[in-house]
Amino acid sequence: MFLAYTTTAQDQSKVFTQPTSYHMLLGDIEIIAFSDGSIPLDLNKVLTNTTPAEIEKLTKDNFQTSVIEASVNAYLIKTAGKLILVDAGTAGLYGPALGYLPANLTKAGYKPEQIDAILITHIHTDHTGGLMDGDKMLFPNATLYVSKKEADYWLSEENYAHAPARLKKYFDEARLKMTPYVKEGKVKTFDYGAELFPGILPVASPGHTPGHTFYQVSCKGEKIMFWGDIMHAAPIQFANPDVTIAFDVDPQAAAAMRKKAFQEAAKEKYWVAGDHLSFPGIGHIRKTGQAYIWYPIIYSTTGIGQ
């Protein structure tokens with residue numbers, strides 16, 4: 001969902017080789033964050049329900065500019081003998097600074113064909129683009145899990161016919177990336193209220209897209225919530241959760257869901273993981289006044305993050 005709002009390829013800095021995975025333990029469950037890369041995002045072009053003055057102030061307060069660097073993260077959950085991926089990156093859709101998930105999986109000792117399941121937060125193509133490598137299914141042995149409401153929205157011929165012009169491209173891309181898995185019987189849709197795997201519960205979080213889903217993972221009294229696209233611009237949206245983004249299908253509902261998610265995470269003090277928070281995108285939040293503060297996970301080689 002970034003292409004129309006990023007700097008040009010000529011403006012992008014050199015693509016550096018960076019650490020590409022981060023491991024943590026949640027009880028007995030190993031969770032690995034993977035970087036698909038990062039890309040400059042012009043907040044003045046993409047954010048809504050805000051002002052250039054607010055963007056300038058809040059980015060400066062965070063030692064950033066109005067063109068921030070947006071991470072694209074995916075997460076591997078190792079539990080009950082299965083390899084379960086949360087989202088699948090971008091593939092080649094957004095330029096040379098993204099599309100590194102398959103290579104980074106391999107660097108960490110995993111092959112795409114080993115993945116048993118992929119939990120899709122939503123069907124925007126910075127989360128599903130990496131499902132395909134050209135006309136080849138990159139994860140041929142994986143079953144995709146996506147909410148029924150989300151699949152019905154993006155894969156419906158009727159919805160496509162009535163979609164506004166600004167969304168047509170995303171319907172096209174969604175069908176391009178998802179249809180091969182649908183044809184192979186590799187897509188399972190779900191309603192909410194039941195675990196998909198032991199300790200893994202889908203949580204409805206509509207707004208950014210109609211069937212957007214959080215995934216709650218619990219083990220031995222610990223919990224992490226995979227947030228998908230509840231937010232895109234940390235310097236702005238932690239300070240003002242009412243700020244929305246051009247990619248929201250329903251901006252008002254997205255803002256309401258963000259505020260609810262922030263309040264719950266701050267109150268219950270559980271881990272959160274965001275696909276566009278600076279890699280590895282895992283941490284805690286705390287409420288201060290009407291704003292929130294982000295506390296990223298500390299670097300650790302023991303897996304015991306704090």
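**Figure 1. Lining of the largest cavity in the predicted model.** The residues that line the largest cavity are Ser205, Pro206, Gly207, His208, His212, Asp229, Ile230, Asp248, Ala254 and Arg258. The volume of this cavity is about 40 Å³. The count of cavities of 30 Å³ or more comes to one. Two of the lining residues, Ala254 and Arg258, are also among the buried residues of helix α9.

**Figure 2. Helix α9 and its buried face.** Helix α9 covers residues 251–268, 18 residues in total. From its first C-alpha to its last, α9 reaches 26 Å, close to the 26 Å expected at 1.5 Å a residue. Its buried residues are Ala254, Ala255, Met257, Arg258, Ala261, Phe262, Ala265 and Ala266. Seen down the helix axis, these buried residues fall within an arc of 165°, so they line one face of α9. Gln252, Lys260 and Lys267, on the other side of α9, are exposed. Lysine 269 follows the helix and has a positive phi, near 65°.

**Figure 3. The open sheet of six strands.** The strands of this sheet are arranged in the order β11-β12-β13-β15-β16-β17, and their pairing is mixed. Strands β11 (200–204) and β17 (291–296) are the edge strands, each pairing on one side only. On average, neighbouring strands of the sheet are turned by 35° against each other, direction ignored. Strand β16, residues 282–288, pairs with β17 in the antiparallel sense over six bridges. Within β17, isoleucine 293 is the bridge partner of arginine 286.

Figure 4. Strand β15 consists of residues 271–274, and both of its faces are covered. Trp271 and Ala273 on one side, and Val272 and Gly274 on the other, are all buried. Strand β13 (residues 222–228) runs parallel to β15 and is joined to it by four bridges. The bridge partner of methionine 225 in β15 is valine 272. Strands β15 and β16 run antiparallel and are joined by two bridges. Here alanine 273 stands opposite isoleucine 282 in β16.

**Figure 5. The open sheet of seven strands.** This sheet has the strand order β1-β2-β4-β5-β6-β9-β10, with mixed pairing. At its edges stand β1 and β10 (187–190), each with a single partner strand, so one side of each is left without a neighbour in the sheet. From one strand to the next, the twist averages 25°. Strand β5 (residues 82–86) pairs with strand β6 (residues 117–119) in the parallel sense over three bridges. Leucine 85 has isoleucine 118 as its bridge partner in β6.

**Figure 6. Strand β2 between β1 and β4.** Of the 14 residues of β2, 12 are buried, so this strand is largely enclosed by the rest of the structure. Six bridges pair β1 with β2 in the antiparallel sense, and serine 21 stands opposite phenylalanine 34 in β2. The hairpin of β1 and β2 has two residues between the strands, and glycine 27 takes a positive phi near 60° there. The pairing of β2 with β4 is likewise antiparallel, over 12 bridges. Serine 38 has serine 71 as its bridge partner in β4.

**Figure 7. The largest pocket and the elements that line it.** The space in the largest pocket is about 1,200 Å³. The pocket is lined by 44 residues, of which Ser38, Glu69, Ser71, Ser278 and Phe279 are the closest to its centre. At least two lining residues each are supplied by β1 (21–26), β2 (29–42), β4 (67–79), α3 (101–107), α8 (234–237) and β17. The largest share of the lining, six residues, comes from β4.

**Figure 8. Valine 46 and isoleucine 245.** Valine 46 belongs to helix α1, residues 43–46. Valine 46 is buried, with a relative accessible area of 0%. Isoleucine 245 is 199 residues away from valine 46 in sequence. In space, the two residues are 5.7 Å apart, C-alpha to C-alpha.

Notes. Residues numbered from 1 in each chain as written. Predicted model: local features only at pLDDT ≥ 70, side-chain atom pairs only at ≥ 80, totals over all residues. Heavy atoms only, no water. Pairing = 2+ DSSP bridges. Axes fitted to C-alpha atoms, helices over the stretch in contact; angles between N-to-C directions. Expected span 1.5 Å × (residues − 1). Buried < 20%, exposed > 50% of the residue type's maximum accessible area, 1.4 Å probe, protein only. Arc of directions from axis to C-beta. 1 Å grid on protein atoms, 1.4 Å probe; cavity = no way out; pocket = protein on both sides within 12 Å on 5 of 7 lines; lining within 4 Å. Points joined across faces, edges and corners; volume = space filled by probe spheres on them.
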